[in-house]
Amino acid sequence: MLRLARYLKNYKKESIIGPLFKMLEAFFELLVPLVVADMIDNGIAKGDKTYIYRAAVIMVLLGVVGLVCSLIAQFFAAKASVGFGTELRDDLFAHMNRLSYAELDKAGTSTLVTRITSDMNQVQSGVNMILRLFLRSPFIVIGALVAAFLVNAKVAVIFVIAAPILAFIIYGIMVLTIPMYSKAQKALDTISLATREGLNGARVIRAFGRQQDETEEFTEDCNRLLKLQKRVGKVSVAMNPLTYVVVNLAIAAIIMQGGKQVDAGVITQGEVIALVNYMTQILNALVALQVLIVSFTKAMASAKRVNEVLDLQPTVLDQESFSLKNVSSEDVPAVVFDNVSFTYPGAKEEALTGLSFTVRKGQTVGIIGGTGSGKSSLVNLLPRFYDVTKGTMLVNGVDVKEYPQRELRSRIGVVPQKAVLFSGSIRDNMKWGKDDATDEEINEALEIAQAKEFVDAKEGRLDYKLNQGGKNLSGGQRQRLTIARALVRKPEILILDDSASALDFATDAALRRALSERTKGMTVFMVSQRTTTIQNADMIIVLEDGEVAGIGTHKELQETCEVYKEICQSQVSAEEVGA
């Protein structure tokens, strides 16, 4: 929690004013028992109504001033905690965006969502409670102890005995509950994951009739969270009765000992009432402290989880210095793989092994292979979504590790396997590739991607609103829009990662023809399961178990590569059957 305190640096004034006015409120509250004691001893005991009224007015004024101080403290504490939460949340989201694929794979999407929402809310709430109560409750306890000694030192010894017992109870419960809250938050991660999968896979769940099974599994996850929360609740709820028992025993002891002191003429009846009031104030302060501790323990557990995300350091880092002069404008290869190997973090085996090939500028490269052969892994290395484990990869004659990530990716257009669109208009989505793209540039990209016809048929055309993920479009339409989005920026290198799988053969053929005719000078990497999609490529790379099984043209590979020949034969027969 202390590590996150730096996010309060812009709210130093609020962080000081809030607790300060809470302490002022507590100070005025500590004066009330003394006024009550004075009213009893000098007003009620002597029957002096004027004195009683004057004391009552003083008590009301103390209450009003205390209320004003409390409101001021609440305002500044809320302002500081909300500002703290906003800055931390912004920084956390920015940090997540800096993480490479390796760290995102390690953390998991559902966990990251929980930590930037639920955990962040817990931390923000904890900061609010700390600013409001962290100084007030101890100040009340210590102030009441000091006031009790000023009233009567012998009776005040009871306070000295009760206070450590209460502190021990509170500390013990806090130690027990912190790890429990961590487990509860992890259970919440599981529920977040189940919710996300259930919503994203709703169509599949219904198609297989698994609604009941999914509901039962979700109920089990919820019950697991309920059990954890009940367990921590049973421990934390013990604080109230235990503290009340100690405080009430202390009050009984004060009354008994105070009665003896009154009989002996050592103290007055009003002072006994003042001592009881101070013990009651200690009880109220500890009740508030209990609320603070419950909130603080939750915040501590959540802060630890937030810090775990902040501790994730991206493995893909930029070099300290880079000059565009390093990038050769001469006739150098667009891409060179020199004995490149790659292993996913935590994996025991290499996903890619010893890849070596050269791609000239303007060439179209087809990448094909069986499932799990490493096709997507290969193209993910180009924009440095992952760093190579061994070997060297050059783009325009420069090692990709020397490029700033932003500079490298500005030269590359990526169309991933899963078509991802964002809520907003089609124009908004197209401008992801280029912020200042004109409608003419967008329309040109849509034409190449074979998307203009269906876009023009939509109401509003480029202003047509897409739902989240483009759910109001077909799979093929989504894929064509993502291809157009990549083409808008006119990249030097275009990566199509099996991004035409949902297109029919006629549209696929038209797309390939448009790419060939209208993207002169652009180097294209085309990952596909279809041989018909890549058969006209300048170079085809055949992968098998992460290794190169063959490199060449369609005709060359049919003669020299058994793996490619088998793929072609299986697909030709399948197409003939379909025909």
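The paragraphs that follow treat the aromatic contacts and then the cysteines.

The model is predicted. In it, the count of aromatic pairs comes to eight. One of these joins F27 and F28, whose ring centres are 5.7 Å apart with 65° between the planes, an edge-to-face arrangement. F27 itself is partly exposed, at a relative accessible area of 40%.

Another pair is formed by Y344 and Y386: the ring centres lie 5.2 Å apart and the planes meet at 85°, so this contact is likewise edge-to-face. Y344 belongs to the loop between β1 (335–342) and β2 (352–359), whereas Y386 belongs to the loop between α12 (375–381) and β4 (390–395); the pair therefore ties together parts that are 42 residues apart in sequence. With 27% relative accessibility, Y344 is partly exposed, while Y386 is buried at 6%. These two tyrosines also form one aromatic cluster with F342.

A ring may also face a charge. The charged end of R530 sits over the ring of F505, at 4.6 Å from the ring centre.

The cysteines remain to be considered. A disulfide is a covalent bond between the sulfur atoms of two cysteines. How many disulfides does the model contain? The count is zero. For C561, the closest cysteine sulfur is that of C568, and the separation of 9.0 Å is too far for a bond, because a disulfide requires the two sulfur atoms to be within 2.5 Å.

Notes. Residues are numbered from 1 along each chain as its sequence is written. This is a predicted model: local features need pLDDT of at least 70, side-chain atom pairs count only at pLDDT 80 or more; totals for chains, interfaces and linings use all residues. Side-chain values use heavy atoms; hydrogens and water are left out. Rings of Phe, Tyr and Trp (its six-membered ring) pair if their centres lie within 6.5 Å; planes under 30 degrees apart count as stacked, over 60 as edge-to-face and the rest as tilted. Buried means under 20% relative accessible area, exposed over 50%, partly exposed in between (1.4 Å probe, protein chains only). Helices (H or I, at least four residues) and strands (E, at least two) are DSSP runs, numbered from the N terminus. A charge sits over a ring if NZ of Lys or CZ of Arg is within 6 Å of the ring centre and within 35 degrees of the ring normal.
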